[in-house]
Amino acid sequence: MKYSDELKVGLALVVAALVFVLGLRYFQDLPLFETTDSYYSLVENAAGITSGSPVRVNGVSVGAVRRVGYDADERQVRVDFYVEQRIRITEGSSASITGFSAIGDVKLDLSLGPADNERIPRGGLVPSHEEDFFGDIADRAPALVNRADSLMIGMTSTMSSVSRLLEEPDSDFRKTLQSVERTSDQVNRVLREEQQRLAATLDSVAHLTGSLNRIAEGSEDEIEATLQDVQHLIKRLDSNLDSVERSTDRLDNILEQIESGEGTLGLLVNDPQLYHRMDSTVVRLHELIDDFQQNPRRYLKELKLIDIF
Amino acid sequence: MIEVRNVYKSFGSLSVLEDVSLTVQDEETLAIIGKSGSGKSVLMKHLMGLIKPDKGEVIVDGTDINAVSYQELRDLRQRFGMLFQGGALFDSMNVFDNVAFPLRTFSPLPEDEVRARVRENLAEVQLEGVEDKAPSELSGGMKKRVALARAVALKPQYIIYDEPTSGLDPETSNTINELIRSLSEQSNITSIVVTHDMHSVLSIADRAAFIHDQRIRWLGTIDELHTAEDPVLNGFVRASEYQIGKPAAATNK
Amino acid sequence: MLERHILGPIEALGQYVLLLSKAFRSLGEFGIYQKNLFQQMVRIGIDSIPIVALAGLFSGAVLTVQTAYQLESPFIPQSIIGSIVVPSMVLELGAVVTGFILAGRVGARIAAELGTMRVTEQIDALEAMGLNSIGYLIVPRVMAGILMFPVLYITATGVGIGGGVGVAHYGGFLSAGEFVAGARQFFSPFDPIFGLIKSFVFGFIITSVACYKGYYTGGGAEGVGRSTTEAAVLSCVYILFANLALAVLIL
C-alpha cells in the first residue's frame, strides 16, 4: 500500500511531537499522561534549585520545578512547580528547599496541610518555610565540633589508660597476669613434689611385694597383715592420684579463667615463656603416667629391695 | 506586438547587445539569425523578461515588462510559450506530467480535461504512447517535440523557439520545422525563431533579423534576404546554404 | 585582489539574502507549492530518518562507552554516565550529528538538483511559463528543512539515548535504572528546547545554502559538481559557526 506524502509527513510530525513531549516529561520525572497542577512558592534563597528539580511529598517525587526566577516586587525568589493533580495541596501546606547543591541533589519538599482543609487554588501560592540548610550547618557546627572533640579526648584517655595499665607494675591487669604465672609455677611445683612422693610410694609398693614374697614363704598372719598394709598403701596411692587430679582440675580452672578473662588470653598466648612452662609440665606429667602404666614393675621391683616398714 | 527599444546589455566587461531595436509584428514569424555567441539567445531572453536590459525597454502589447511588478511580469509571460534548446523538460516528471504541468498549474481545468488536452497536444507533435516515459529515456528529437507540446499547452499568443533544430538530424529537423510552420499558421500566433539554421529560416520565417557585432545589422523579409547586398550577411547566408546539402552534423554549432 | 577576496563574498552574501527575501515574499502563493512542499518534506525528512537514526544510535552508544571508560573511579557514582550522556545528546550531538549527515545527504542533493535544473534551463522554463521559480523550488525545500529537521533531531536524540541506555545496560556498565536516574538528576527542560532551536537553524542553513548554491549554478556539468561540493562543505562550516553562535547567545 502506498501512502500519500501528506500522511507520511503528518505522521512523522505527530510522532516526533509526542516523543518530544513525553521524553521531556519522562526526564523531568513527571507522570507521562497524568495532568498536573501548577503552583508557586516564594523563598529567600534559591539554594541551588533549578527548573527540573524534583518536588517531593514525604520523600516521594510527585512533580518538578518548572521555573526559578527572582520576583522583583516581592524581593524574593519565585519557584514555579508542577504537582500531580491527585496530590491535594490544602491550606496549611508549605514548601521548603532541601538538599545539597554541590551533589546536585536539591529538592522542593512539600509538607501537606490537613486533609480536610480547603485546597489551595491552582496557580496559587504555597508558603515556604525556611529550612536553611547552610544556616543549620553553620549553627550546628560548633556543637558538632565540640562533640567530636570530646569524643577524641575520651578516646585518647582510654588509650592512654590502657597503655598505663600495661606499663604500671601495680595495675590489676599486670597482677592478674602475674598471678596466672604464679599459679602455673605452683602447679609445676606440686607436680614435681608429687613425682617424688609417687616414687617413694612405688618404692614402698616394691618393698611390700618383697615382703609379700617373704611372707608367702613365712607365716600366714604376716601375709594378712601385709595385705592390710598393701590395702593401706593402695589407699594412699589413691589419695595421691586424687591430689594429682585436683591439681589438674585447678589447672583446668585456671585455663578456663584465662580463656574467659577479657583479652588476657592474647597476652597469655603472647607470653611464650609461660606457655612453654605449662606445656613442659603437662608433658612431664604425661611421661610419668605413661611410664607407670607401661613399666609398673620398675617401681614394683624396687619394692623388693627396700622394706618400707 | 513586441517592441525592443535601444537595448544595451553586457555581462561584466563583455558587451553582448548594443543599441538593439526590433519590432515583432502580431501573427508573423520572425527569425533571429546570427553566428553562435552573437547575442541572439540573450536578445530572445529579453523578450519575456528572463534577462533585464542594462538600458532600453522591452514593450509587450504596450506594457514595459521591466517596469512592472514581478507578479504582472509573470502574468504577462503566460502569453508566451517557449521551446528551449535542450527541451528543458523537468527530469522529475514523466512526459505526461511535463505536458500537463502548465495546465495543472495555471488553468482551472479539471484533471480529466487536462488528460484529454495532454493527449491532444502530444498527438499534435506526433508522439503517442510515450506518456509514462522519463525525459531521460527520450531521443533529442522526441524531447524537443514533448517540449513543444508543453510550450503550446496553454495556447500562447507568442511562441519563442531557441535553436529548434540544433543537434537534430535533417529528417527530424524537417519534422520540427513542419510542426513550427503548422503552429504558426494557426490564427493569433506570433513566432520568434532564434536559429543559425538557414534551412529553418527559409522554410518557416516571414522576416529575419541578422545580429552581428552586438547589433542588428540587417532586418528584412525572407525574399529580401536573397537580394541583400550586405557582405557579412551574404557570407553568413551562403555559408549556411552551402551546408544545407551536407550531413546534419555540419549544421551544428 | 580586493574584488576577489572582499567584495566577492560580500556580493555573494547580498545575493543569498536577496534570494531568501524573494523566497519569503512568495510565501503567499503557498497554494501552488503545497504539493511540492510535502514531496520535499518526504525526501528531506522521512527518507533521512534511517540514516539519522543509525548515526544517533551509534553516537549515543559510543558516548556512553567512552564516558564509562573515562569515569572509572570508585568515588564517582555510575549514574553520572547517564547525567553526561543524555544532556550531551540533547544539547549537542543530536542536532550536530543530524546536521552534518544532512549537509551531505540533503545539501548536496538539493544543490545537484537545482544546479542541473539551472544548466539544463529547467529553471528558465519555469520562469518562462510564468511560474515563480524561487517560490516553486526554494520555498518548499527550505520550509521542509525547517519543519523536518526537528523531527530528525528528535529521532537522532531519542534513538541515541536509547542506544546509550542499551549499551550501558547490556554492556554491563550500569543499569538502565541508574542511567535514567542520573539523567534525571541533572535534566533541564530547557536543554531539549535549545536542541530544537538548533535543529530549526541547522535545517534552515543547510537547505538555504544548498538552494543558493544550486540556484546560481553556472558552467555546465562541472558547475553542478562544484555547487554540490560547495553546498555540502559550506553547510558544515556554517553549522559549526551557528552552533557556537547559538551557544553563546542563548545559553
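**View 1. Burial and fold of chain A.** A residue is buried if 20 or more other C-beta atoms lie within 10 Å of its own, with C-beta atoms placed from the backbone. By that criterion, 17% of the 309 residues of chain A count as buried in this structure, which is a predicted model. Chain A contains 7 helices and 6 strands, and along the sequence these elements follow one another in the pattern α-β-β-β-β-β-β-α-α-α-α-α-α. When contacts in chain A between residues at least 6 apart in sequence are considered, 68% of them join residues at least 24 apart.

**View 2. The open sheet of chain A.** The strands of this sheet, 6 in number, are arranged in the order β1-β4-β3-β2-β6-β5 (chain A), and their pairing is mixed. At the edges stand β1 (36–43) and β5 (94–98) of chain A, each of which pairs on one side only. From one strand to the next, the twist of this sheet averages 30 degrees.

View 3. In chain B, an open sheet of 6 strands with mixed pairing has the order β6-β7-β8-β3-β9-β10. Its edge strands, β6 and β10 (215–221) of chain B, each pair on one side only, and the twist averages 15 degrees from one strand to the next. Strand β3 (residues 29–34) of chain B runs parallel to strand β9 (residues 207–212) of chain B, and 5 bridges join the two. Ile32(B) has Ala209(B) as its bridge partner in β9(B). Helix α1 (residues 40–47) of chain B packs on the sheet, where it touches β3, β7 (158–162), β8 (190–195) and β9 of chain B, and its direction makes about 155 degrees with that of β8(B). Helix α5 (residues 140–151) of chain B also packs on the sheet, touching β6 and β7 of chain B, with a direction at about 175 degrees to that of β6(B).

**View 4. Two helices of chain C.** Helix α4 (residues 80–119) of chain C and helix α8 (residues 190–215) of chain C have axes that come within 8 Å and cross at roughly 15 degrees. Because angles under 35 degrees count as roughly parallel, α4(C) and α8(C) are therefore roughly parallel to each other. The crossing of α4(C) and α8(C) is right-handed, and the residues of their contact comprise 18 nonpolar, 9 polar and 5 charged.

**View 5. Where chain B meets chain C.** Here 16 residues of chain B are in contact with 13 residues of chain C. On the side of chain B that touches chain C, α2 (70–77), β6 (80–83) and α3 (95–106) of chain B each supply at least two residues. Sorted by class, that side of chain B has 9 nonpolar, 3 polar and 4 charged residues.

**View 6. Where chain A meets chain C.** In this view, 18 residues of chain A are in contact with 20 residues of chain C. The side of chain A that touches chain C divides by class into 8 nonpolar, 6 polar and 4 charged residues.

Technical notes: Residues numbered from 1 in each chain as written. Chains lettered and ligands numbered in written order. Predicted model: local features only at pLDDT ≥ 70, side-chain atom pairs only at ≥ 80, totals over all residues. Contact = placed C-beta atoms within 7 Å. Helix = DSSP H or I, 4+ residues; strand = E, 2+ residues; numbered from the N terminus. Nonpolar A, V, L, I, M, F, W, Y, C, P; charged D, E, K, R; others polar. Pairing = 2+ DSSP bridges. Axes fitted to C-alpha atoms, helices over the stretch in contact; angles between N-to-C directions. Buried ≥ 20, exposed ≤ 12 C-beta atoms within 10 Å, placed from the backbone. Parallel < 35°, antiparallel > 145°, perpendicular 65-115°, else oblique. Left-handed = near helix turned anticlockwise from the far one by under 90°.
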